[in-house]
Amino acid sequence: MPRSAYATDVITDQSIDWISNRQKDKPFFLVCHHKAPHRSWECDPKHKHLYQENVRVPETFDDEYKTRALAAAQAKMKVSTDLTYHDLGFVQPDGGSEVGELLVPNRPAFNQRNVPYIEDVTQIRLIDKDSGEVFTFKSQDELRHFKYQRYMKRYLRTIASIDDNVGRMLNYIDSEGLAENTVIIYTSDQGFFLAIMVGSTNVSSTFLDLAGLPVPSYMQGRSFAALLQGITPEYWSQVAYHRYWMHRDTIHNARAHYGVRNQRYKLIYWYNKGFGLPGCQDGGEKTEWELFDCDKDPLEPVWEMSRVE
């Protein structure tokens, strides 16, 4: 890989080369996955000028989680406190905890620290690692909004290269006359405050179905190929299931839980146990239930039912 190359361009180049050099008389299957949108967010230099205008702040930006389970408030995934100097493109000063808390506790060798969110923010000076521009703040609210805008713009500039390269891939498929007999599925594992995707267990079954191959009985997912044609199969579930098992992982401190959702309600059980699995803490915190009415409260500010055990 040339040192000056941007990763998203290189992955796309290699993918197109692979299609070009494939055995043309046989079907092909290609997985083209891009890493750049994952933390940290470093865009292609040609996109640094994009997104100069501020991004709209979501309605829930000031949510303090007072009406939710304890797990939401204690997770370390907040714009105000849990973004690092590196995440936001700032110079990290030398020093210890006075500079900011470690992103990964008890691993000082991985010396990324969170930008502090202290009461007297007038003490904070953030220096852009590229331009040297210095930013100062008069209030916590000003700092919090600044972090959000800084993060969002860096993220959007990074995924601009995804847009470009998905376009390159689609144009190549068209130019080679492959579009009429090629299925293209676009997926993402999460969206970093933008969106979330669930139901990934159905993807592999759908690939097999579209290829005319049998789906093994041990696969949990069901093919959604019929849905692409506007047909809802009788077996298609109207309830989605979700589970997060890595209880209080070192970076995010997210609690283990599972939940189900239909078109209206969302029921979540925070079981708060690690079961000795790698990457988990032992747990034992009090369990909690949450029930949301997504018709009445689509932003989920208030739970309909709560219980702590």
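The exercises below, each with a worked solution, concern the predicted model shown above.

In this predicted model, local features need pLDDT of at least 70 and side-chain atom pairs count only at pLDDT 80 or more, while totals for chains, interfaces and linings use all residues. Residues are numbered from 1 along each chain as its sequence is written, and side-chain values use heavy atoms, with hydrogens and water left out.

**Exercise 1. Describe the secondary structure and the burial of the chain.**

Step 1. Helices (H or I, at least four residues) and strands (E, at least two) are taken as DSSP runs, numbered from the N terminus; the chain has five helices and seven strands, and their order from the N terminus is α-α-α-β-β-α-α-β-β-β-β-β.

Step 2. With buried meaning under 20% relative accessible area, exposed over 50% and partly exposed in between (1.4 Å probe, protein chains only), 34% of the 309 residues are buried.

Step 3. If a contact means heavy atoms within 4.5 Å, then among the contacts with a separation of 6 or more, 52% are between residues 24 or more positions apart.

**Exercise 2. Locate the partners of the salt bridge between R168 and D13, and state what the pair ties together.**

Step 1. A salt bridge requires a side-chain nitrogen of Lys or Arg within 4 Å of a carboxyl oxygen of Asp or Glu, and the chain holds twelve by this rule.

Step 2. Between R168 and D13 the closest N and O atoms are 2.5 Å apart. Because R168 belongs to helix α4 (residues 140–175) and D13 to helix α1, the pair ties together parts that are 155 residues apart in sequence.

Step 3. R168 has 31% relative accessibility and counts as partly exposed; D13, at 33%, also counts as partly exposed.

**Exercise 3. Decide whether each partner is buried or partly exposed in the salt bridges D87 with R39 and R264 with D293.**

Step 1. D87 and R39 bring their closest N and O atoms to 2.6 Å. D87 lies in helix α3 (residues 85–88) and R39 in the loop between α1 and α2, so this pair ties together parts 48 residues apart in sequence.

Step 2. D87 is buried, at 1% relative accessibility, whereas R39, at 26%, is partly exposed.

Step 3. For R264 and D293 the closest N and O atoms are 2.7 Å apart. This pair links distant parts of the chain, with R264 in the loop between β4 and β5 (265–270) and D293 in strand β6 (residues 288–293), 29 residues apart.

Step 4. R264 is partly exposed with a relative accessible area of 30%, while D293 is buried at 2%.

**Exercise 4. Determine which element contains V260 and how accessible V260 is.**

Step 1. V260 is found in strand β4 (residues 257–261).

Step 2. The relative accessibility of V260 is 36%, and V260 therefore counts as partly exposed.
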